[in-house]
Amino acid sequence: MILSDLEGAIFDCDGILVDSEQPWIDLMTSYLRTLGASHIPAERLRGLTAAEAVTSLAEIHQHLGSPSAATPPTAAEVDAAYSDALADLSAPMPGALEFVASMSGTVPVAVASNGRAADVRGLLERAGMLRLFDIIVTIDDVEHGKPDPAPYLLAAQRLGVAASAVVAFEDSPVGSRAAADAGCTVIGINDDPDVELAGDVRLADFGQLRFDRTAHSIHLLR
């Protein structure tokens, strides 16, 4: 399969570019355990903003009838705890650095993340990838984060291309839905078959992709 005539690319950050998804899952697991809801998989909260996660945790807590004395965290507490967890993280996802580098400078490339600007830029800087991107859009730039399409629409606008001419790379249900609703061609990258993704293509990692700089096309090697 070949995706041709691409005018731009937009990447999620956590779990797509940098191996930062597990700290979030670990944090959500800790909160669920504290609330007496350890039977609920933390993956249900994958890809959410801190505010969205807090809303979901509060709904879970209310639904369970407050089985524990603990109360859900605030968005500020979640942000602070997640920032601490990311402080020393620097590992790019397998093949991500090489793939983004192959596109950078040939077509415009952006990041659209539900993370905070300081966290996202810090992660990308430590992973050696920040310099590769033309545009960085984070939750600080939009009123509504994913699954709302706003981050992708703004990223495409700032790249100067139509969202329909952009390929988006996502690993979470909420992120892939946001990209699809924005009109992007969506490539889902996640090696967990239990995670449902919206989009056009589903792969395990970037090793299954090759970018042709001459034709501005992406080849799927599977």
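## Reading cores and salt bridges

Reader: Which residues is I218 in contact with, leaving aside its neighbours within four places in sequence?

Author: This is a predicted model. In it, I218 is in contact with M1, I2, L3, L6, F99, M103, V167, F169, L209, R210 and F211, once neighbours within four places in sequence are left aside.

Reader: Which residues touch the most other members of the largest nonpolar core?

Author: I218 is one of them.

Reader: Now to charges. How many salt bridges does a search of the whole structure find?

Author: The general idea comes first. Side chains of opposite charge can pair when their charged atoms come close. Here the search finds six salt bridges. Take D12 and K146: their closest N and O atoms are 3.0 Å apart.

Reader: Where in the chain do D12 and K146 sit?

Author: In distant parts, 134 residues apart. D12 is in the loop between β2 (8-11) and α1. K146 is in the loop between β4 (135-137) and α6 (150-159).

Reader: Why does D12 count as buried?

Author: Buried means under 20% relative accessible area. D12 has 7%, so D12 is buried. K146 has 1%, so K146 is buried as well.

Reader: Are D171 and R46 buried or exposed?

Author: Both are buried. Their side chains meet in a salt bridge, at 3.9 Å from N to O. This pair also links distant parts of the chain, 125 residues apart. D171 is in the loop between β5 (166-170) and α7 (173-182), and R46 is in the loop between α1 and α2 (50-63).

Reader: What does R116 form with D79?

Author: A salt bridge, with the closest N and O atoms 3.9 Å apart. R116 lies in the loop between β3 (109-112) and α5 (117-126), and D79 in helix α3 (residues 75-86), so the pair ties together parts 37 residues apart in sequence. R116 is partly exposed, at 29% relative accessible area. D79 is partly exposed too, at 21%.

Reader: Which residues do salt bridges with shared partners join into one network?

Author: D12, K146 and E170.

Key. Residues are numbered from 1 along each chain as its sequence is written. This is a predicted model: local features need pLDDT of at least 70, side-chain atom pairs count only at pLDDT 80 or more; totals for chains, interfaces and linings use all residues. Side-chain values use heavy atoms; hydrogens and water are left out. A nonpolar core is a set of buried Ala, Val, Leu, Ile, Met, Phe, Trp, Tyr and Cys residues joined through side-chain atoms within 4.5 Å. Buried means under 20% relative accessible area, exposed over 50%, partly exposed in between (1.4 Å probe, protein chains only). Contact means heavy atoms within 4.5 Å. A salt bridge is a side-chain nitrogen of Lys or Arg within 4 Å of a carboxyl oxygen of Asp or Glu. Helices (H or I, at least four residues) and strands (E, at least two) are DSSP runs, numbered from the N terminus.
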